[in-house]
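The sequence and structure are shown first.

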Amino acid sequence: MGEGAAREDLRARILRLAWPAIVENLLHTMVGIVDTAMVGRLGAAALASVGLGNQINQLGLTVFSALATGSTALVARHIGAEEPERARDVARQSLILGLFVSGTVMIVFLSLARVLLGWLFRRSEAAVLDAASGYVRIIAVAMILNYFLIVINAILRGAGDTKTPMQITALVNVVNIIGNTIFIYGVGPVPALGVAGAALGTAVAQAVGGVLALRVLFRSELLKIRITDSFRPDLTIIRRIANIGVPAGVEQGMMRVGQLFYTMIISSLGTVSYAAHQVALNAESLSFMPGAGFATASTTLVGQNLGAQRLDDAERAGRITRNVGAAVMSAMGLVFLLIPEPIVRIFSSDPEVVALAVACLRLVGIAQPSLAIWMILAGGLRGAGDTKAIMKMVMVSFLGVRVSMAYLLAIRLELGLIGAWIAMVLDLFLRSVLIQWRFNKGKWKFVKV
């Protein structure tokens, strides 16, 4: 096969992996969008409550995503090396490890939700914090099954199956929409529960998704995990998962902590500014879907090619996936620049909120190519197990630039929400430069996992 044909074949494989992952991320994002859009009709206070509650929930998801990163990278390596039995062992140990971790997170959130929210967002209104803590506790009930949903989907992606996670997430969305309709507004004998109803609808959807994901894993012909298998902890495999997952967890943890400080800065600007921030974030999340989809393709292809000892193919896969993904996300950036208002109005009709959110969305439209480079190349480096490098970049850029510049611009220079979003754009530009530099050096090809 000539180089041109090989390149076309690789592009076709990238798209085969990416499009279900893009749809999955669309569907996954829709869970948050549906909650925001439906709760947004209840007013700015309800919208702020869901936003603050989700900030706490994201801390738990950070831990789950870290374990999922280790599982994806190792499963991809073993599948690429044609070692399905070792991939199966990784999948089993991921379930064992996650059961303990997700149970711990669940207990912490059930018992300390109001304390955490009060400490982190002390300037927010008491009624908003009370509603947010109830939101967190309800979702925490389904935490263990939500972990299974996240990590099993990650395992399947590492094995090259992106369609099944898409299908599971589609069902989660259907259940979430039905649950929200019933519990937020009230249907028949069920009373209208408002913010608590949004949490209940999401928790039920995540629980259903977790059960379905377990069913799929135990019926997988590739991994062949059975309920009768031994599920004793294997410290060697757990350590390998941790060697990749812990730096990924620290990276995500730093991002979440940075995001919390960033959110604290924004929440201090008032309810309208915070509501506009949430609306703009949800609107921007539309661009995350193609980025996350191509990042998934990059993770799988880089990991599998390295497992098969095809180092040049791994680099080519990362580079071509970056190019295709950047083109798609740049087009999204143009949409944000040219016609942001119709997108923003999906989430809010409040004139003040809409005006602020439109300005923010235009700002971040400029940074879409940078966001694409960061997301997709970081996905490739995760597939290689090079998570320590990503962790260091986040420390320098997210914490060193976004948080500090947000405080300077939004508070000290009194630019408000616009200043905070300028800081976000500066952070994305720097991270894209750092990740491209790391990818070009090529040391990630020789990381031992």
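Which residues line the second largest pocket? The lining consists of Leu120, Phe121, Arg122, Arg123, Phe261, Met264, Ile265, Ser267, Ser268, Tyr407 and Ile411. A pocket here is an open set of points on a 1 Å grid over the protein atoms alone, where a 1.4 Å probe fits, with protein on both sides within 12 Å along at least five of seven lines; lining residues have an atom within 4 Å of a point.

The model is predicted: local features need pLDDT of at least 70 and side-chain atom pairs pLDDT 80 or more, whereas totals for chains, interfaces and linings use all residues. Residues are numbered from 1 along each chain as its sequence is written, and side-chain values use heavy atoms, without hydrogens and water.

**Pockets**

Volumes are the space filled by probe spheres set on the grid points, which are joined across faces, edges and corners. Residue classes count Ala, Val, Leu, Ile, Met, Phe, Trp, Tyr, Cys and Pro as nonpolar, Asp, Glu, Lys and Arg as charged, and the others, Gly among them, as polar.

| Pocket | Volume | Lining by class |
|---|---|---|
| Largest | about 270 Å³ | six nonpolar, three polar, six charged residues |

In the largest pocket, 15 residues form the lining, and Arg77, Leu306, Gln309, Val447 and Lys448 are the closest to the centre. Helices H2 (44-80) and H9 (271-307) each contribute at least two residues to this lining. For the second largest pocket, helices H8 (235-267) and H14 (387-412) each provide at least two lining residues, and H8 gives the most, with four.

**Overall fold**

The chain contains 15 helices and zero strands, assigned as DSSP runs numbered from the N terminus (helices H or I, at least four residues; strands E, at least two). Its C-alpha trace spans about 60 × 45 × 35 Å along the principal axes.

**Thr69**

Thr69 belongs to helix H2 and is buried, because its relative accessible area is 15%. Beyond its neighbours within four places in sequence, Thr69 is in contact (heavy atoms within 4.5 Å) with Ile244, Ala248, Arg382 and Thr387.

Notes
Buried < 20%, exposed > 50% of the residue type's maximum accessible area, 1.4 Å probe, protein only.
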